[in-house]
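Trainee: I would like to learn how to read the features of a model. Please take them one at a time.

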Amino acid sequence: MSKKPYYITTPIYYPSGNPHIGHCYTTVACDSIARFRRMQGYDVKFLTGTDEHGLKIEQKAEEKGITPKAYVDEIVEIFKALWDKMHISYDQYIRTTDAYHIETVQKIFKKLYDQGYIYKGEYKGKYCTPCESFWTQSQLDENGCCPECHREVVEAKEEAYFMKMSPFADRIEKLLLETDYLQPKTRAVELVNNFIKPGLEDLCVSRTSFTWGIPVTFDKKHVVYVWIDALSNYISALGYENDAFHDFDKYWPADVHMVAKDIMRFHAIVWPAMLMALDLPLPKHLAVHGWITFNGQKMSKSLGNVVDPFLLSDRYGADAIRYHILREMALGADSSFSNEIMINRINSDLANGLGNLVSRTVAMVDKYFDSTLPAERQPGEFDNELIAAATGLKEKLESLLDNTQLNLMLAEIFQVVSRANKYIDETAPWILAKDPSNRTRLATVLYNLLETIRIISIPLSAFMPETMPKIWQQIGASAEHIQYDTISAFGNLPATVTVQKGDIIFPRIDVEKEIDELNQLILSSKPKEPSDQPQYTPQPLAEEIDIDTFGKIDLRVAKVVECEKVKKSKKLLKLQLDDGMGGRQVVSGIAAWYKPEDLIGKKIILVANLKPAKLCGVESCGMICASDMPDGSVKVIFPDDALPAGAKIR
């Protein structure tokens, strides 16, 4: 009997630097779904890859003195190494520099042009280079920066091709509001209110200001805008408009696209519009997840809060990391990452929960029955509750999987783990073992535990593929005992099953000691791409001055008492300072790098005898000292907090 096709995709990642743990969620989530569907008997195609064109890549390569292709080749190998380490079972890895993909994109662009959906014009507006995104003035954040990454945008004006979006607005609105295409629904409503209701603007689909992209076949000075390029990968990988593959009719439309919230606009609006224009079926489901955040910020290489997944996997094992990030992330919400949260999760669920259940059960079978259970059984109290919890798992998991609620799937599985550990306490095998007349009952209790472990290990193998074979070996389960259709059947292990004691599956971690060591490892670990770290060239020295001239500058310590944004400016903050001399007001152009609450209570160095000046109509009586950074940002210089307000610096 032929298997039903199932097509699942991650977004293709932008290789502008080494991957961090924030990249792992989507790929691990899709891998877990793909593994689960394969267990269910589907013919799965799991696609991932890299999105390798665009201005940022061109700039990164130029900084390193190599070609863009050479640059992305290096980073792609790092991504692939990470996916190997994380046990990602993708079926195809696509690169947008692949010849077949380029062919598909060029044909799609030409087809949309011939149909009248693409036209030539001039682009004027705001462009975020890091995000490769165009924005209107109304879409910028409160500081006039990119609404996604909150970095500065630049004015862009160039000849460009545009794709008409308004012809698809009504259909896309119905798709988002009246179907289950996008989950969670709150994201769909957000997109409609922010982008469709105000009027769906035409999309700029080509660039002329850089060359690292797919050339437009009929106008060679243009390259295809990176998002038209990137989105096409989902069908180019199947052979649409190319002869490299012949899977389109089999696998399209996709069953699941999974993306993070920062790129949902392109997948929920632009991609459906492209498919509608091409008269192709739409994907069945778009699952949008939040960000893994670190100290409240999106995890990002550019923000300096990367946690190295290679380091974590080497230390705890890939399965522990896979479990942690999947268990913490609720669909649509952000997930906070910290060393302490991760280690506590490993201890509570994996060491105290699953690992403890396996080691206790196997140890008792080994101790009380010399590793092999007798065939006789004696049912008793609490058995039915445990059996019902285990055999009822399959139906619950399938419903949650259909809605891509992976964290809840894991929660359901670990409820059964908890129930099994409670069953040990309820039945007290160590007490039963003291009386030979309880031998049959003791064997029944331990068999029930082994069977429960067998049942939960089958779905868990989709999430933790490295660990479950170790458990199967310990509980005496062979291939025939771990088939998916045996999840709801209790009693699949042989009555005289033989266990094999092994290493502790998940050793308990000393939290305080481990956090200290992990933090030191992260701080001391060298970046894999030293050239990615901006090299700072000091500015030339100013004209020499004598000591008398320098003595005219009065530097004082002052404490920030109040701070707020200057209403008429996106760059200025107004600070009220305690300078030890009655206080003063200073205006500083640091709003791009500091929030008011970041500065209140901090001590700064003040140029106290600078003549007052008005900035945006607000008087400034002095200037605070700050330093330029290699990446173009600015850091305020904070003196020792022990220095009193008003202290003179010399």
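Mentor: What follows goes from the whole chain to helices, single residues, rings and a pocket. Keep in mind that this is a predicted model.

Trainee: How many helices and strands does the chain have, and what box do its C-alpha atoms fill?

Mentor: The secondary structure amounts to 22 helices and 25 strands. Along the principal axes, the C-alpha atoms occupy a box of roughly 100 × 70 × 45 Å. The chain has 650 residues, and 53% of them count as buried.

Trainee: What span should helix H1 have at 1.5 Å a residue?

Mentor: The general idea first: an α-helix has 3.6 residues a turn, so residues three or four places apart point the same way. Now the case here. Helix H1 covers residues 21-39, and its 19 residues should span 27 Å; the end C-alpha atoms are 27 Å apart, so expectation and model agree. The expected span is 1.5 Å times one less than the number of residues.

Trainee: Is H1 enclosed or open, and what comes just after the helix?

Mentor: H1 is largely enclosed by the rest of the structure, because 15 of its 19 residues are buried. Just after H1, Gly41 has a positive phi of about 105 degrees.

Trainee: What does the span test give for helix H16, and which residue follows H16?

Mentor: Helix H16 runs over residues 406-427, 22 residues in total, so it should span 32 Å; its end C-alpha atoms are 32 Å apart, which agrees. Ala428 follows H16 and has a positive phi, near 50 degrees.

Trainee: Where is Glu385 found, and what is its relative accessible area?

Mentor: Glu385 belongs to helix H14 (residues 383-391). Its relative accessible area is 47%, so Glu385 is partly exposed. The C-alpha atom of Glu385 is separated by 9.0 Å from that of Tyr423, 38 residues apart along the chain.

Trainee: How many aromatic pairs are there?

Mentor: Pairing goes by the distance between ring centres, with a limit of 6.5 Å. The count comes to 23 aromatic pairs. One of them joins Tyr117 and Phe168, a tilted pair with 5.2 Å centre to centre and 45 degrees between the planes. The pair links distant parts of the chain, 51 residues apart: Tyr117 is in the loop between helix H4 and S4, and Phe168 in the loop between strand S6 and helix H5. Phe168 counts as buried at 3% relative accessibility, whereas Tyr117 is partly exposed at 22%.

Trainee: Which residues do ring pairs link into a cluster?

Mentor: The cluster consists of Tyr7, Tyr234, Tyr240, Phe248, Tyr251, Trp252 and Trp271. A ring may also have a charge over its face: Lys261 lies over Trp291, 4.4 Å from the ring centre. Likewise, the charged end of Lys602 sits over the ring of Phe638, at 4.9 Å from its centre.

Trainee: Last, what is the volume of the second largest pocket, and how do its lining residues divide?

Mentor: Rolling a probe the size of a water molecule over the atoms shows where empty space is left. The second largest pocket has a volume of about 460 Å³. Its lining has 26 residues; Thr136, Gln139, Glu201, Asp202 and Arg265 lie nearest its centre. The lining divides into 14 nonpolar, 7 polar and 5 charged residues. Elements that each supply at least two lining residues include strand S4 (118-128), helix H6 (185-196) and helix H10 (264-277).

Terms used:
Residues numbered from 1 in each chain as written. Predicted model: local features only at pLDDT ≥ 70, side-chain atom pairs only at ≥ 80, totals over all residues. Heavy atoms only, no water. 1 Å grid on protein atoms, 1.4 Å probe; cavity = no way out; pocket = protein on both sides within 12 Å on 5 of 7 lines; lining within 4 Å. Points joined across faces, edges and corners; volume = space filled by probe spheres on them. Helix = DSSP H or I, 4+ residues; strand = E, 2+ residues; numbered from the N terminus. Nonpolar A, V, L, I, M, F, W, Y, C, P; charged D, E, K, R; others polar. Buried < 20%, exposed > 50% of the residue type's maximum accessible area, 1.4 Å probe, protein only. Phe/Tyr/Trp six-rings, centres within 6.5 Å; stacked < 30°, edge-to-face > 60°. Lys NZ or Arg CZ within 6 Å of the ring centre and 35° of its normal.
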